[in-house]
Amino acid sequence: MNNTGRFGCLTGMGAIAALITLFVLVGVAFASGGNMFSAGALNAEKGEPMGGVASHAEITQCKLCHAAPWSAETMPDRCLACHANIAQQMLSVAQLHGAIVQKDPNLACRDCHMDHRGATASLTDMKGSAFPHEALGYSLEGHQRKVNGGAFDCSDCHGEDVTTFAADSCQTCHSQMDLAFAQAHSLSFGTDCLACHDGVDRLGSDFSHNTFAFQLMGEHDEASCTDCHLDARSLADLQSAPQDCASCHLKDDPHAGAYGSECGVCHTSEGWLPAKFDHNLASFKLEGEHAEVACEECHVNNVFKGTPSDCYSCHQGDDEHGGTFGTQCESCHNPSDWEDATFDHSRTNFPLTGEHSEARCEECHTNGAFKGLSTACVNCHADPAYHAGAFGTDCAACHTTSSWSPATFNFPHPEPRAEEGGNGIYHGGASCRDCHPSSFREATCVACHDGNNFEDGEGGDD
Amino acid sequence: MLRGYKELWWAFFVCSLVALGYGFVVYWYQEIPAASELIGHSLGIFGFILMLMTEILYTLRKSSRSARWGRMSSWLQFHIFTGLAGPFMVLLHTSWKFNGLAGATTLLTMIIVLSGFVGRYIYTRVPRTMDGLEIEGTLSQEALKRARQLMSLWHTVHIPIGVALFISAFLHVGAALYYATLLK
């Protein structure tokens, strides 16, 4: 144990070994230009010459790319010193590197591009975590793992060239996942997957239509996408699908447009039936008793279209007038009650005036007969015995409907004549009954003129 | 026998654990952890710290005249344990590429480990107390003399290789810091 001495491994041999190692390594370092620190061979693929070399492998000095830690320059500065075309790209968001820098300004070239991995190793290693794929319009959020659990390679979607994307790239994997769906889906919506999908999976397996304004309820939930989104080939197409009922259901309308295009007023998405129809939106509003009847009482055999809206079509059997008042029930009746009828007699050729308007209908319309009644007075009014048939049947010649009495005698009075002391028509001042106390067939003078003495009669100017 | 190889069993246990974790990482990411990334770099750093402990602690204990912390046999066991676990982690850190200085350092590491195995074989040929002191009289004078000469010869090889290894390792660490770790 004494072999090791006081300074442990710093024995004479140890110190010599240290010096030799240091000498050799420093010598090799100088001789190799730092290559001994290289983590591996540089890429030898030749490209467009820049910075005096056609490939990284031709670079012999480490410091050409590796700025010293204490230098103001960064490694990306060193990259861009040669790769001026990339520096140019980074100025425009429309270009690949511009879009990337826009998304994450802190990204360094080496976060995607690596070297020292061999002469033929790829210079680009865009790991999902480092490469802001979403800056190019497609997020890899939903593409973290392949179906077999393995990590994605750029070439899985891009093939040889990462700057291109073949439209059928998606199909290859997604057909393996679900062939039937993939085929049906591309038939329905086309094969340009990126037109709708941006990789955030919002239209993926956890897609719910109910996050949109048009929620799928009832029967709508059973419909296939293309029932509404026919020929949609882009997100914009999908979003512009019409949301009104008629756009899809016009062809289903058994009402042939009679009820307009707002199906939802009566129907719900739970099914066409039962429907709740607001009849008051139709031209025939349901008022009074009409609101109480079952639909089929008017709409026989469920035929809703062309149902006549005139009363008589339904109420012919109810006509107590036996058709005598015609078919315009509404002229007198309202929907609330048959009994609550109001007949405007003035519309007939016999307007009710005076005392007539006070009479009850059946006083004239006996036996329920309303049609064809004679308007002659005598039809109702018998000539009183007092007239004794002296005036014929034209009551209206002397009477008005206001009252039987007073009446005005409008004919030349036979006796006494004017020259007999009358006033030219009849005895002025005397009432009819003064001379005709019991009948107009008989006249007497003696009620006023005593005996034959016409001089002492009252009321006269004898 | 198991007791005599306790440090080997510990080293085997720890290396197995590390290998298991490494295997899981390879399976999960479907690729070998790169030396410069979290897993690979951590393996390198921890492995190198263990290797430094292998060297420094044992040397300090051996060269200490006054202090006597623990038995020498325990320190040798610890030296062997860290001298196996450390290099194993460093080997995983290489990501199985052995070019340049890093490759040379790995090679030296493997050599020093093999050298350690050889040394342990020679060391155990001389009967010792728990403190590592030789027990006189169990071997013939001739045999003891040969064993001591062999041990001495071995030291003159093992120690310079170790020193060369650490010089090269420090240069590797420095270069890694300069070219990669401190990159802006």
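Thr82(B) is buried, having 24 other C-beta atoms within 10 Å, where a residue counts as buried if 20 or more other C-beta atoms lie within 10 Å of its own, with C-beta atoms placed from the backbone. The model is predicted, so that local features need pLDDT of at least 70 and side-chain atom pairs count only at pLDDT 80 or more, whereas totals for chains, interfaces and linings use all residues. Residues are numbered from 1 along each chain as its sequence is written, and chains are lettered from A, and ligands numbered from 1, in the order in which they are written.

Thr82(B) is found in helix 3 of chain B, helices being DSSP runs (H or I, at least four residues) numbered from the N terminus. Leaving aside neighbours within four places in sequence, Thr82(B) is in contact with Leu50(B), Met53(B) and Thr54(B), contact being defined by C-beta atoms, placed from the backbone, that lie within 7 Å. The C-alpha atoms of Thr82(B) and Gly47(B), which are 35 residues apart along the chain, are separated by 8.6 Å.

Helix 2 (residues 38-63) of chain B packs with helix 3 (residues 72-93) of chain B at an angle of about 155°, with axes 7 Å apart; axes are lines fitted to C-alpha atoms over the stretch in contact, and angles run from 0 to 180 degrees between N-to-C directions. Helix 2 of chain B and helix 3 of chain B are therefore roughly antiparallel, a term applied to angles over 145 degrees. By class, the contact of helix 2 of chain B with helix 3 of chain B has 13 nonpolar, nine polar and one charged residues, where Ala, Val, Leu, Ile, Met, Phe, Trp, Tyr, Cys and Pro count as nonpolar, Asp, Glu, Lys and Arg as charged, and the others, Gly among them, as polar.

A further pair is formed by helix 4 (residues 100-123) of chain B and helix 5 (residues 141-181) of chain B, which pack at an angle of about 155° with their axes 9 Å apart, and this makes helix 4 of chain B roughly antiparallel to helix 5 of chain B. By class, the contact of helix 4 of chain B with helix 5 of chain B has 20 nonpolar, nine polar and no charged residues.

The contact between the chains takes 29 residues from chain A and 29 residues from chain B. Helix 1 (residues 12-32) of chain A gives the most to the side of chain A that touches chain B, with eight residues.

Chain B averages a pLDDT of 85, and 89% of the residues score at least 70, pLDDT being the predictor's confidence in each residue, from 0 to 100. The model scores ipTM 0.78 and pTM 0.52.

Notes:
Helix = DSSP H or I, 4+ residues; strand = E, 2+ residues; numbered from the N terminus. Parallel < 35°, antiparallel > 145°, perpendicular 65-115°, else oblique. Contact = placed C-beta atoms within 7 Å. Buried ≥ 20, exposed ≤ 12 C-beta atoms within 10 Å, placed from the backbone.
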